[in-house]
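My notebook is open and the viewer is loaded. Here is what I looked up, one entry at a time.

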Amino acid sequence: MDGKRVETISARVDAAVSSPDSVEDELELSAVRHRPEGLEQLEAQTRFSRKELQILYRGFKNECPSGVVNEETFKDIYSQFFPQGDASTYAHFLFNAFDTDHNGSVSFEDFVMGLSILLRGTVQEKLNWAFNLYDINKDGYITKEEMLDIMKAIYDMMGKCTYPVLKEETPRQHVEVFFQKMDKNKDGVVTIDEFIDCCQNDENIMRSMHLFENVL
Amino acid sequence: MAAGVAAWLPFARAAAIGWMPVATAPMPVPPKDKRRGHEGLIVLNVSGTKFQTWRDTLERYPDTLLGSSERDFFFHEESNEYFFDRDPDIFRHILNFYRTGKLHYPRQECISAYDEELAFFGIIPEIIGDCCYEDYKDRRRENQERIQDDEETDATNELVPPDMSFRETMWRAFENPHTSTMALVFYYVTGFFIAVSVLANVVETVPCGTAPNRAKVVSCGERYALAFFCLDTACVMIFTVEYLLRLLAAPSRYKFVKSVMSIIDVVAIMPYYIGLVMTDNEDVSGAFVTLRVFRVFRIFKFSRHSAGLRILGYTLKSCASELGFLLFSLTMAIIIFATVMFYAEKGSSASKFTSIPAAFWYTIVTMTTLGYGDMVPKTIMGKIFGSICSLSGVLVIALPVPVIVSNFSRIYHQSQRAEKRRAQKKTRLARIRAVKSGGANAYLQYKRSWLLIDPDEEASKEAGQALVCKTNPNFEMHHHHLLHCLEKTTNHEFVDEKTYEASCREVTLVKQVSCSSSISSSPHGLTSCCSRRKRKTFNVPNSNMSVGLQGSIQELSTIQIRERPLTNSRSSRSSLNAKFEETVPLNCDQPYMTAAIISMPTPPGTTPEGDESTSSTDYSQANIVRVSAL
């Protein structure tokens, strides 16, 4: 059975007659339709049951009838959960974390794989995912700058009206705390092993990993 | 937050794992999920049409009927579905709202039906999508206007409250001339005098031949100055009186003085008084002459008499912006073309285009395609620009005119519709009243048929009951029983209007016939057995009779009244029956009835029936009480 079949209607148009109407071409180019793999395959690849996959897909398809989410839509959807602040930066990082093949759009498979790890994965997998999120350039190391970006994005979601009032240096201080905890060999970067080790030794983090297991 | 993204909440929560390693404090405990395992389809049966949707779809909007626990009230256990006794066509749109998040308004549905459905399902109409919102608002506005129109006409046509003060009566007479003859007379008189006054103003200026002792021709006004002066005085007096009366009667004097009609009235009569006050001075005579021009405003007083004129005025008022635009664009074009023509014709000798303002006259005459020809361009450039001017004039004027015309047409048709509705309303209300009174008569008839049943005779009782059951469906039966209970509670009874009026009149007759009671009762006693039989025979046709055949019922009733024995319980019932059935005031029989009632208390114990008699005597007592009270 085929894997992804990305049907671009524009391809058909090109194959047929080169139409002189450029506006119509543009419209049809944007009508990308994506059909996910079969239910059985997804069931095998993820840890969701059939029913859960159905529910997930229905919600996904309702918001994105074309079958894929692009970054703009992703940001829009995520921002609706955090109306006081600006969730776009964090959504950007999230998008990159979900878009595992880096093709600029999150298909249903990507979505479901990500959710499978987050909701049904082992602690190891979850921590792996989190590391992947923080590692913006995906080089295997979390630098202070990357962490600062992430931290700022998280604090941005809070918005202005917080108690106590958010100060400029709060994200930076938080990053310092983080690095003090995680960076064992004090080389200025956090590797995946350091990260996983440290997290496994922290009770709070361990407990919170199991927080969202009953979400679906 | 758009409810559609509620489906993405699990994702957002899952993504929160990304914050965990960064957090320094422990996370709060997640809330317990109350509803679990409630996924699945919901069947919504709307008047037989089954709709199905996911439960989650409906729960996207928890503040509506379908999304909240309110829908549990409509759950039908036997079929395991939710049943709504509403319109399935409109429900389709409401369900689509849950599915797509957009509410559409279908054009072919009635606006009030749609509003009702929305209100029932708890959806505010403001969330109608942009594609349909304008249309919805337009239809809504039309509907409101129609309702307002109806209310206004109701206000004007409502029954006169009997305790209106003289001032209010006068005001009402002024505003609605058809309410009383006096008002109508006044209306026509003022109309006549307005016409006379305007005609006099016009005829005044017609040349009337030479005056004696003068060579030149004089106008009629100067020749018959006295006559015209007297006519003018008479008219102004009438107008003044009318104005003062209106001012006196107006509920809000300040508002009246500010209104357009009153200003027209004042302007119409002021010149005369100012003329009286001013002496025939040479200095001010010029001003005096100018003042006489204002007398022509009297013609506007006709707008009280003509609805069409009022509509025209209203149209012009409502098209003010279009008229303003027309004026503005015309002014712009006039200035442009006048300037151009002036400079084009500057060179030609003896040109009439002496200045730009002088050229205005040419431009206006040309643009409106009048073309008097008193000013014509002579140079070639002037002619070219002149032709461009006339062509553009047609365009500039033709553009706003259709807007004004369509506005006028809309308002005119609206007023026509209002008139038609008013005329139709009368017949509609009359018909509705007839049906309603039919319903009331049904109860009275039911009572008659019930009371006429002879409890002694089982057969007749069964027959009567069977007949009653046949003609009165279950609902009516219980309804009648309820009314009956009310009657028993209050010791009063339901009667129809005419009987009530008749009984009002009876009060006076009661005293007159009290002496003849004994005389009247005896002959009736002789006919008791025959009437009994007769009553039974009348029973059947009565109960079978439909409410509409009132004529025949009356016939029977008259016969019953005349031949019914007015003794004992029978008589009490018969008197009741006579009362109920007397839809035609049988004045000649009034004494009978009153006599019967009065003779009631004397033989209470001679009734063979047990309960019925007591109840009937109660009735009679009640009757007596009622009559005397009246």
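**Entry 1: a loop in chain B.** I found B:Ala350 in the loop between α14 (320-345) and α15 (356-367) of chain B. Helices here are DSSP runs of H or I with at least four residues, strands are runs of E with at least two, and both are numbered from the N terminus. B:Ala350 is not a glycine, yet its phi is positive, about 50°. Most residues other than glycine have a negative phi. Buried means under 20% relative accessible area, exposed over 50%, and partly exposed in between, with a 1.4 Å probe and protein chains only.

**Entry 2: ground rules.** This is a predicted model, where local features need pLDDT of at least 70, side-chain atom pairs count only at pLDDT 80 or more, and totals for chains, interfaces and linings use all residues. Residues are numbered from 1 along each chain as its sequence is written, chains are lettered from A and ligands numbered from 1 in the order in which they are written, and side-chain values use heavy atoms, leaving out hydrogens and water.

Entry 3: I located A:Lys138 in the loop between α8 (123-134) and β5 (141-143) of chain A. With a relative accessible area of 30%, A:Lys138 is partly exposed.

**Entry 4: two helices in chain A.** How do α9(A) and α10(A) cross? Their axes come within 9 Å and cross at roughly 130°; axes are lines fitted to C-alpha atoms over the stretch in contact, and angles run from 0 to 180 degrees between N-to-C directions. The two helices are therefore oblique to each other: under 35 degrees would be roughly parallel, over 145 roughly antiparallel, 65 to 115 roughly perpendicular, and the rest is oblique. Where they meet, I noted residues including A:Met147 and A:Tyr155 in α9(A), and A:Val175 and A:Phe178 in α10(A). Contact means heavy atoms within 4.5 Å.

**Entry 5: chain B overall.** I counted 26 helices and six strands in chain B. Of its 630 residues, 37% count as buried. UniProt, in an unreviewed entry, lists residues 384-405 of chain B among those under "transmembrane region"; such annotations may be inferred rather than shown by experiment, feature names are shortened, and positions follow the numbering used here. Over residues 384-405 I found 95% helix and 0% strand, with the end C-alpha atoms 33 Å apart.
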